[in-house]
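This briefing goes through two protein chains, one topic at a time. Please keep the sequence and the model open while reading.

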Amino acid sequence: MKSLAELQAIKNRMKDKVILRDGMEGIRVVVGMATCGIAAGARPVLNAFVEGVNKEDLEDKVSVTQTGCIGICQYEPVVEVFEAGKEKITYVKMTPEKAQEVVEKHLKGGQVISEYTIGAVSA
Amino acid sequence: MKELSLNILDVAENSVKAGASLTQILLTEKDNVLTIEIVDDGCGMDEDVVRSVTDPFYTTRTTRKVGMGIPLLKLACEQTEGQLTIESTTIEEDPTAHGTHVTATFNMDHIDFMPLGDVSSSVLTLIQGHPDTDFLFRHEKDGQVVELDTRQLREVLEDVPLNSYDVLEWIREYLREQYEALS
């Protein structure tokens, strides 16, 4: 069974690790998590980003956060990628599979997947 | 919404937005009735607002003029012949004991009862997105209990954020084991 002692061990292991928080340099992945996003499937998309960022060891470079409705509900699940000095990328109609691909190609490899962006997908 | 756990996630997000320091998600299953309560200590709503939140054309957001969160939960419970009630106290009315209490009841053997779905995943999503506020999750099923209180975890973790990957995985397993232990 999971115990608080095990949590203590996680804490001891993590306490010296630098964790990327809001406002720091790096890439910020923002998942829309209002009613529209949740109903369209944002929960598993967010989960796929959290898993993927950990799996690819990008935690010190990429933060995954949530936001409310940004007003383009017909395109949900919507994911925005912010990177200092670069234009914002808006991925739309996301799925966990597409999220995994964005982690590998864009967040890790630096290549925007244009066909998943708002300019390429119709409502 | 395909499962009630998504409604829970959606309505609990309102609590966080209302500035809650503690949001409680309390589920009770007894005699084929499911009661979902979302209780927060946020800023609260006055009577007019409480009356209007069940109206889909009321919302606090500014990007568009409809808010579907509470209306969807109301629909989901009323279609099982259950009901939704909201009690709220604003911070002006009572500076020490303010907040909102949403209660929805469902008849689980009704043909239109939507499955509860993956509540653990909703709890994890809330913690991932709001690591600096606390959540108490309690699911009582015919007398047996699954429980998680982030205040307890925070005491152990001190300044290690609750949304660190290893901590989230620990919470996922912690809840999974408790659900598996239910007979």
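Of the 123 residues in chain A, 37% are buried, where buried means that 20 or more other C-beta atoms, placed from the backbone, lie within 10 Å of the residue's own. For chain B, 40% of its 183 residues count as buried. This is a predicted model, in which local features need pLDDT of at least 70 and side-chain atom pairs count only at pLDDT 80 or more, while totals for chains, interfaces and linings use all residues. Residues are numbered from 1 along each chain as its sequence is written, and chains are lettered from A and ligands numbered from 1 in the order in which they are written.

**Chain A overall**

- Chain A holds four helices and four strands, where helices (H or I, at least four residues) and strands (E, at least two) are DSSP runs numbered from the N terminus.
- The order of these elements along the sequence of chain A is α-β-α-α-β-β-β-α.
- Along the principal axes, the C-alpha atoms of chain A fill a box of roughly 50 × 30 × 25 Å.
- In chain A, 69% of the contacts between residues at least 6 apart in sequence join residues at least 24 apart; a contact means that the C-beta atoms of two residues, placed from the backbone, lie within 7 Å.

**The sheet of chain A**

- Four strands of chain A form an open sheet in the order 2-1-3-4, with mixed pairing; two strands pair if DSSP finds at least two bridges between them.
- Strand 2 and strand 4 of chain A are the edge strands, each with a single partner strand, so one side of each has no neighbour in the sheet.
- On average, neighbouring strands of this sheet are turned by 20 degrees against each other, direction ignored; the axes are lines fitted to C-alpha atoms, for helices over the stretch in contact, and angles run from 0 to 180 degrees between N-to-C directions.
- Strand 1 (residues 27–32) and strand 3 (residues 79–83) of chain A run antiparallel and are joined by five bridges.
- Within this pair, Val30(A) has Glu80(A) in strand 3 as its bridge partner.
- Strand 3 of chain A also pairs with strand 4 (residues 89–91) of chain A, in the antiparallel sense and over three bridges.
- Glu80(A) stands opposite Thr90(A) of strand 4, and Val81(A) stands opposite Ile89(A) of strand 4.
- The hairpin of strand 3 and strand 4 of chain A has five residues between the strands, and Gly85(A) there takes a positive phi near 80 degrees.

**Chain B overall**

- Chain B has six helices and six strands.
- Along the sequence, chain B reads α-β-β-α-α-β-β-α-β-β-α-α.
- The C-alpha atoms of chain B fill a box of roughly 40 × 40 × 30 Å, taken along the principal axes.
- Chain B has a radius of gyration of 16 Å, which agrees with the value near 16 Å for a compact globule of 183 residues; the radius is taken over C-alpha atoms, and the globule rule is 2.2 Å times the number of residues to the power 0.38.
- Among contacts in chain B with a separation of 6 or more, 65% are between residues 24 or more positions apart.

**Where the chains meet**

- The contact takes 27 residues from chain A and 30 residues from chain B.
- On the chain A side, helix 1 (4–14), helix 2 (35–40), helix 3 (42–55) and strand 2 (62–67) each supply at least two residues.
- Helix 1 of chain A gives the largest share of that side, seven residues.

Key:
Buried ≥ 20, exposed ≤ 12 C-beta atoms within 10 Å, placed from the backbone.
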